[in-house]
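Dear colleague,

Please find below the sequence and the structure that I am handing over to you. My findings follow directly after them, arranged by topic.

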Amino acid sequence: MALLLGGLTACSSTTAASGPAPVPAAVSPAELAKVTLRVGDQKGGVKSLLTAANQLGAVPYRIEWSTFTSGPPLLEAASAGAIDLGRVGNTPPIFAAASRAKISVVSVAKSNVEREAILVPPDSPLANVQALKGKTIAVAKGSSAHGQLLNTLKNAGLTTEDVKLSFLQPSEAYAAFTQHQVDAWAIWDPYTAQAQLDAHARVLADGRGSSNGLAFETASTAALADPGKNAAIKDFVTRVVKAQLWSDSHHDEWARAWAAETGLSLAVAQKSVDAGRDVPTPLDDSIVASEQQLADAFTEDKTLPGKVDFALFADRRYGPEIEAARSNG
């Protein structure tokens, strides 16, 4: 994550961005057929969902998938032009914006914030968030868990200066957690479910009152400016919306596909799915305002050195198509 995180030190008091990329002209079906859309994914979430919902059949362009451990490295890849699009939680776009990444959020969904959790081992003496003072907490820097942790601490009268943050990617954090190298772990599903089922982890606090539960399809500005890729992204995000609506009443099918795609146990996938997943939501002013509040919290905490204007990184060009998919779902 050197490119993304290292860029934070170079920020001025505000982020520099020109706003959403211009919308290119439409392309013909023949031109669209030549496009390869490079999509980033995390733990097989989007790919398995689209597969289960039968949304990958007859796609009029080619999809090339890449898997990332969390949102920050995914958006680093998007900004660098290594991928065109990917789904991340609420915090990675803020950190990307602070590093002046060449990305925009283009669609949004809300998830069950109870699955964003601060976990402790089953034998931990910690009884509440206040007891985390002076303790070591594993979290992926710039991830949605980082945002939830920041607000959870703030609600308890603490700051990140009151705890010791161990910045680890999920697989590393799971090992540290199960080996008692950290006192707590801030994480999201399916890792929450995995830790609960396999390591008997206990939830010290969840995202209620500390997370907006948002997840974004986020695209590189270069892809958005390219006529063929713009057309492919428009089609792709509407397929994701249709799959998200389908999943609400097809938990078992989705869980099986997710387990098969990622190697997760069926029990872990089923627990994650049954908890409730993404509900497609309009990318409106309320979403931008909610993200701005989170960005300002990171600035106030001095985790980010300057102010982020999140509105500059929200591109609503696909709003009509997404709304039509929501309405017809």
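**Findings: the sheet and the helices across it**

The model is predicted.

**A residue in β1: Q42**

Q42 is part of strand β1. Is Q42 buried or exposed? Its relative accessibility is 17%, so Q42 counts as buried. The side chain of Q42 reaches the backbone oxygen of R87 at a distance of 3.0 Å. Leaving out residues up to four places away in sequence, Q42 touches F68, T69, S70, G71, L74, R87, V88 and W188.

**The nonpolar cores**

Which residues have the most contacts inside the largest nonpolar core? They are L37, Y61, I233 and F236, in a core of 38 residues. At least two residues of this core come from each of β1, α3 (45-52), α9 (221-225), α10, α11 (251-262), α12 (266-274) and α14. Helix α10 supplies the largest share, namely nine residues.

F236 shows what such contacts look like in detail. When its neighbours within four places in sequence are set aside, F236 is in contact with L37, V39, V46, L50, Y61, I63, W65, L85 and E217. Another core lies apart from the largest one; it has 32 residues, and I118, A156, A184 and W185 are among them.

**Salt bridges**

How many salt bridges does the structure hold? There are 15, and I describe some of them here.

In the salt bridge between D235 and R239, the closest N and O atoms are 2.6 Å apart. Both residues lie in helix α10 (residues 227-247), where they are four residues apart, about one turn of the helix. D235 has a relative accessible area of 22% and is therefore partly exposed, whereas R239, at 12%, is buried.

A second example joins the side chains of R326 and E323, at 2.6 Å from N to O. These two residues lie in helix α14 (residues 319-328), three residues apart, which is also about one turn of the helix. R326 is partly exposed, with a relative accessible area of 28%, and E323 is partly exposed as well, with 34%.

R208 counts as exposed because its relative accessibility is 54%, while D206, at 13%, counts as buried.

**Backbone features**

- D189 and P190 are joined by a cis peptide bond, with omega at about 10°. P190 is placed in the loop between β8 (184-187) and α8 (191-198).
- A58 is not a glycine, yet it has a positive phi of about 60°. A58 is found in the loop between α3 and β2, and it is exposed, with a relative accessible area of 76%.
- R100 likewise has a positive phi of about 60° without being a glycine. R100 lies in the loop between α5 (92-98) and β4, and it is partly exposed, with a relative accessible area of 37%.

Yours sincerely

How values were computed. Residues numbered from 1 in each chain as written. Predicted model: local features only at pLDDT ≥ 70, side-chain atom pairs only at ≥ 80, totals over all residues. Heavy atoms only, no water. Salt bridge = Lys/Arg side-chain N within 4 Å of Asp/Glu carboxyl O. Buried < 20%, exposed > 50% of the residue type's maximum accessible area, 1.4 Å probe, protein only. Core = buried A, V, L, I, M, F, W, Y, C linked by side-chain atoms within 4.5 Å. Contact = heavy atoms within 4.5 Å. Polar contact = N/O pair within 3.5 Å; in protein donor to acceptor, adjacent residues only side chain to side chain.
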